[in-house]
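Hi everyone, thanks for making time this morning. Let me put the structure up on the screen, and then we'll walk through a few parts of it together.

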Amino acid sequence: MRIDKLLANTGYGSRKEVKLLLKAGAVKVNEVIVKDAKKHVDPNSDHVTVHGVPVEYREYIYLMMNKPQGVLSATEDHHQKTVIDLLELDYAQFEPFPVGRLDKDTEGLLLITNDGQLAHQLLSPKKHVPKTYFAVINSEVTEADSAAFRQGVELDDGYLTKPAELNILKSGPTSDIELTITEGKFHQVKRMFEAVGKRVLYLKRISMGTLYLDEELELGEYRELTPEELKMLQSGQEVY
Ligand code: URA
């Protein structure tokens, strides 16, 4: 990895600022001053210091965001704001991406990381990672809907959904529910309700595998996962 990228990733400023540090002779690799921003270093074996202080390298970041409505679950878009646009540069420079997609009008738990292996583990259809959503539905949700979701419902393209758990929190002219699904088809929750003649008015993801949305996070806010949350998530395949 290039020395300027390593230093930018470890919080020594933008690439431009890092270049100045290098120019000033503040950076040493294995006790030798390095001024060339393009120099390649191995963060695992080379000893890098800035003003004599060892640089602690980290490769991955893991963020939990409470996604607001109106932003895309994508890394970049020419016209619309993405969840990555909401990150400070200190995090964005790790080039993270959202793990799976929430619709533009869906809120709630979104894991953002640059750890492709963990993302793959969580998204692989073979792993059946459960995702739980809170939703407001435009009409009365009944036990018949719970039974239908348990059996699997046919979506508009003929796909039969895997068994899902519907928990009715409040039933009435509009209903509050929680739905746990173990797959991630496009617009799945909305289409499952359409399959039983109902419409999702509001949708928020509250969990994914062992990871639960921190209710302290305001919409658009994010924080790093705690070591415990990360450990649970990484060992998750044994849980499901
Ligand atoms: N299901 C949906 O319909 N939308 C989402 O954003 C997530 C799940």
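A quick definition before we look at sheets: two strands pair if DSSP finds at least two bridges between them. Strands here are DSSP runs of E with at least two residues, numbered from the N terminus. Please keep in mind that this is a predicted model, where local features need pLDDT of at least 70 and side-chain atom pairs count only at pLDDT 80 or more, while totals for chains, interfaces and linings use all residues. Residues are numbered from 1 along each chain as its sequence is written, and side-chain values use heavy atoms, with hydrogens and water left out.

So, the sheet. Four strands make an open sheet in the order S2-S1-S3-S4, with antiparallel pairing. S2 (32-33) and S4 (53-54) stand at the edges with a single partner strand each, so one side of each has no neighbour in the sheet. S1, residues 27-29, is joined to S2 by two bridges, and Val29 stands opposite Val32 in S2.

Further along, S9 (residues 165-170) and S10 (residues 175-181) run antiparallel, joined by five bridges. They form a hairpin with four residues between them, and Lys170 has Asp176 in S10 as its bridge partner.

Now the rings. How many aromatic pairs does a search of the whole structure find? Four, counting Phe, Tyr and Trp rings (six-membered ring for Trp) with centres within 6.5 Å; planes under 30 degrees apart are stacked, over 60 edge-to-face, and the rest tilted. One of them is Phe134 with Tyr202, edge-to-face at 6.1 Å centre to centre and 65° between the planes. Phe134 lies in S8 (residues 131-137) and Tyr202 in S11 (residues 200-208), so this pair ties together parts 68 residues apart in sequence.

Last stop, the ligand. Residues around it, meaning those with a heavy atom within 4 Å, include Leu102, Tyr133, His187 and Leu203. A polar side-chain atom of Asp103 is 2.7 Å from a ligand nitrogen, and one of Thr106 is 2.8 Å from a ligand oxygen. Val189 uses a backbone N or O atom, 3.1 Å from a nitrogen of the ligand. Taken alone the ligand exposes 240 Å², and the protein buries 96% of that, with areas from the Shrake-Rupley method and a 1.4 Å probe.

Note on methods. Polar contact = N/O pair within 3.5 Å; in protein donor to acceptor, adjacent residues only side chain to side chain.
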